[in-house]
Amino acid sequence: MTNPNALYPHVNHEVNFSNQFSSFYVESGTYVRLRNLQIGFTVPPGMIRWIPAARIYVQAENLFTLTGYSGLDPSLPAANIFGPAGDIRDQYRGVDRGSYPSNRMISFGVSTTL
């Protein structure tokens, strides 16, 4: 290494040290997420004479995430990585490898009894 106190990490595919994790890339992964929200309305009995009871609802999953994290998703899955020494998942815990973010899904529905 020519300059161990450099401001930016050294990037070179021929040097093994450049493959190590650097504090230059570390950022806070804290977040607040609304995972599941369901809002419903129970139709009063007798409002629709041919349906004795009904409920209309809208449901949202992963509605929003509040974070300052610059990656795709702050909730990183555990990596499935094995090395010469066996299972090394703990060494990669919290490392963002570009995994696909959580899906947002909105559903509308009606539940009834006949």
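1. Let's start with Arg 33, which sits in strand E1, the stretch covering residues 31–43. Keep in mind as you look around that this is a predicted model.

2. Is Arg 33 buried or exposed? Arg 33 counts as buried, because its relative accessibility is 16% and the cut-off for buried is under 20%.

3. Which side chains does Arg 33 meet through polar contacts? One is Asp 73: a polar contact of 2.6 Å joins its side chain to that of Arg 33. Another is Ser 102, whose side chain makes a polar contact of 3.5 Å with the side chain of Arg 33.

4. Three strands make up an open sheet, in the order E1-E2-E5, and their pairing is antiparallel. E1 and strand E5 (105–113) are the edge strands, each pairing on one side only. On average, and with direction ignored, neighbouring strands of this sheet are turned by 15° against each other.

5. For the E1 and E2 pair, follow strand E2 along residues 53–67: E1 and E2 pair in the antiparallel sense over 12 bridges. If you want a spot to check by eye, find Thr 42, which stands opposite Arg 55 in E2.

6. How far apart are the C-alpha atoms of Ser 111 and Arg 55? They are separated by 5.2 Å, although the two residues are 56 residues apart along the chain.

7. Ser 111 counts as partly exposed because its relative accessibility is 36%, and that class runs between the 20% and 50% cut-offs. Leaving out neighbours within four places in sequence, the contacts of Ser 111 are Ala 53, Ala 54, Arg 55 and Tyr 57.

8. What about the chain as a whole? The protein chain has zero helices and five strands, so reading along the sequence gives the pattern β-β-β-β-β. Taking contacts between residues at least 6 apart in sequence, 62% join residues at least 24 apart.

9. Last, the surface. Of the chain's 114 residues, 12% count as buried, and Arg 33 is a buried residue too. The protein chain exposes about 9500 Å², with carbon and sulfur atoms supplying 56% of that area.

Key: Residues numbered from 1 in each chain as written. Predicted model: local features only at pLDDT ≥ 70, side-chain atom pairs only at ≥ 80, totals over all residues. Heavy atoms only, no water. Helix = DSSP H or I, 4+ residues; strand = E, 2+ residues; numbered from the N terminus. Buried < 20%, exposed > 50% of the residue type's maximum accessible area, 1.4 Å probe, protein only. Polar contact = N/O pair within 3.5 Å; in protein donor to acceptor, adjacent residues only side chain to side chain. Pairing = 2+ DSSP bridges. Axes fitted to C-alpha atoms, helices over the stretch in contact; angles between N-to-C directions. Contact = heavy atoms within 4.5 Å. Areas by Shrake-Rupley, 256 points an atom, 1.4 Å probe, with all protein chains shown as cover.
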